[in-house]
Amino acid sequence: MRDGNSTPAGGPTTGHRADEPGSATTTTAQDAGEPGSVHVIRTEDRTRIVLSGEVDADLGADLAQAGDDAEAAGLPIDIDAHHVTFMDSSGVAFLARMAQRTEHRIRLINVPPTVQFLLEITRIGELLDVVEDPQA
């Protein structure tokens, strides 16, 4: 992580990341992807964790907090990955932890091809119910 006074290797920066309020973190043209985010939404009968953008190590603390919040509710959990543009091992580890720590089987909904590939390669998909229709 760089601060606003740092010049990244390879030259000056091209823009600011919006993943942290008030952050002076910058990105280069090579890594200017969509910042990741995680949100927890509770209803009467389910908890939904919505992932979007780049799900990587930068979201580690947010993923842990979202998992703790969802787990504490004691309800079945849906993880909506529809807007995920990139996922690294941090995201895969989050899915595996959630699948092992909760009493209900996790539903992973609206899975993009990049995430589906990771589920197949790591076999984490065997621990989750992958569905396209959240009403299923």
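Predicted model: local features only at pLDDT ≥ 70, side-chain atom pairs only at ≥ 80, totals over all residues.
Residues are numbered from 1 along each chain as its sequence is written, and side-chain values use heavy atoms, with hydrogens and water left out.

Five strands form an open sheet of order 3-4-5-6-7 with mixed pairing; strands (E, at least two residues) and helices (H or I, at least four) are DSSP runs numbered from the N terminus, and two strands pair if DSSP finds at least two bridges between them. Strand 3 and strand 7 (129-131) each have a single partner strand and stand at the edges, so one side of each lacks a neighbour in the sheet. Direction ignored, neighbouring strands of this sheet are turned by 20° against each other on average. Strand 5 (residues 77-87) pairs with strand 6 (residues 107-109) in the parallel sense over three bridges, and Ile109 in strand 6 is the bridge partner of Asp80.

Within strand 3 (residues 37-42) lies Ser37. Beyond residues up to four places away in sequence, Ser37 touches Val50, Leu51, Ser52 and Leu59, contact being defined as heavy atoms within 4.5 Å. The side chains of Ser37 and Ser52 are joined by a polar contact of 2.6 Å (a pair of N or O atoms within 3.5 Å, where within protein one must be able to donate a hydrogen and the other to accept it, and residues adjacent in sequence count only if both atoms are side-chain atoms).

Helix 2 (residues 89-101) lies across strand 4 (47-55), strand 5 and strand 6, at about 170° to strand 5. Helix 3 (residues 113-122) lies across strand 5, strand 6 and strand 7, at about 110° to strand 5. Axes are lines fitted to C-alpha atoms, for helices over the stretch in contact, and angles run from 0 to 180 degrees between N-to-C directions.

The largest nonpolar core has 27 residues, and Ile49, Leu51, Ile79, Met87 and Leu95 have the most contacts inside it. Such a core is a set of buried Ala, Val, Leu, Ile, Met, Phe, Trp, Tyr and Cys residues joined through side-chain atoms within 4.5 Å. Helix 2 gives the most to this core, with six residues. Leaving aside neighbours within four places in sequence, Leu95 is in contact with Ile79, Met87, Leu108, Leu119, Ile124 and Leu128.

Leu63, in helix 1 (residues 60-73), is buried, with a relative accessible area of 1% (buried means under 20%, exposed over 50%, partly exposed in between, with a 1.4 Å probe and protein chains only).
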